[in-house]
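Here are a few friendly notes to read alongside the model. Take them one at a time, with the structure open.

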Amino acid sequence: MDEPPETEPPAEDSRTGRRLGTALCLITLILYWPVSGYEFIHFDDPIFVIQNEHVNQGFTADGIIWAFTRGEIDYWRPLTWLSHMADVHFFGLKPGPHHVTSVIIHALNALLLFVFFSIALRNRPAAFFIAALFAWHPLHVESVAWIAERKDVLSGLFWHGCFVLYARYARSGARKYYWWALAVFGLGLMAKPMIVTLPCQLLLLDIWPFRRGQNGIAGVRRLIGEKAPFLALAIVASVFAYYAQRSVGEMAAGSVPALSTRLGNAVLAYGSYLRHTVLPVDLGVFYPFPESLPAAALGFSLLALAGLTCLAISRRGRNPEMLCGWLFFLGTIVPVVGLLKVGGQASADRYTYIATTGLFWIAAMFLFPRGDRREIRGAPGIIAGITL
């Protein structure tokens, strides 16, 4: 059965939520405040901001037209360019305010994540735990403290905003939230097209925690059809991103490794992301694509992925959040895991900015197992099919 319409939370519960949300944002701002004294770095910052004649003049008619019509640097992402132009317009090329803008957006992302999981899980401690891990995890420093990676935090803002709106729709059934969620997703694609997997993640949310996929095949078809507008936007953005990459030569035939090498690197990348999530040490700004695949590391990563997938499927009844969170993690990284090679890196910390949320919510539901944990019957095949 689908979830009943949501009711207004008690006033005391709302006050608690506001206090927790305020604390989350303040702590995040304090932890990241040192970046306000950092400089630009000579790795992408020059080409994206300092030496980019379309950006370093602030808002100009030519610059705005360029942002919406060209993608020769990497891919089409006009809202990210406009955010850089806004920083230059108001603050010039002083790096401190540019850093602070990214930190503020990151804090808002954490707040939106807290609001989403408060609605979705109806479990305030778990929601705060997930949002805090997202906000303070060392793996996300690259996305926040690197000015050129504004696209990560900005696309994350629209991703999390879309999730909040979709949660309102799923809980209340009010169609206005559905259309607002679609519009926000479209804006997110204009910040960074990596979020093209969001329609699949919405289907995961339908199954858990919203349990909207309990009405048989007809119900599943309805949910898939409901995501058609989201999927259409994602396909258009994917095509734009693919041809933009070709235009800058990053996908020239001679620079793309064999499929077997890319598959092996994808397995290694997933293993690396898991290891760095649990033990965030030896992080780097660039992980080069390996000349050869280390057999031991490849085998260990493959066994870990297979073992965790089997474990998540086997516990789908008792712990549905494990399967959904695990598939969320796997599916969100698919566009950048290396199957379609983008750039010279084998992996990147910034690619985990949204994806690790799936792992965080698995941990949260084990630490704070309060709330409704009804079984999701027959979900694994449906989830795997619509996500991957």
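Over residues 372–388, how many contacts beyond four places in sequence does the model have?

1. The model has 42 of these contacts there (heavy atoms within 4.5 Å), while pLDDT, the predictor's confidence in each residue from 0 to 100, stays under 50 over that stretch. Residues 249–254 also stay under 50, with 12 such contacts. For the chain, the mean pLDDT is 87, and 87% of its residues reach 70 or more.

2. A word on method: this is a predicted model, where local features need pLDDT of at least 70 and side-chain atom pairs count only at 80 or more, while totals for chains, interfaces and linings use all residues. Residues are numbered from 1 along each chain as its sequence is written, and side-chain values use heavy atoms, leaving out hydrogens and water.

3. H14 covers residues 295–314. Ser301, Leu305 and Ala312 are buried in H14 (under 20% relative accessible area, with exposed over 50% and partly exposed in between; 1.4 Å probe, protein chains only). Seen down the axis of H14, its buried residues fall within an arc of 40° (taken from the directions from the helix axis to the C-beta atoms), so they line one face.

4. What do the buried residues of H14 pack against? They meet helix H13 (259–278) and helix H15 (320–333). The face turned away from the buried side carries exposed residues, including Phe300 and Leu303.

5. Finally, find Trp326: Leu305 and Ala312 are among the residues that Trp326 touches, as are Leu274 and Ile362.

Definitions and conventions
Helices (H or I, at least four residues) and strands (E, at least two) are DSSP runs, numbered from the N terminus. The expected span of a helix is 1.5 Å times one less than its number of residues.
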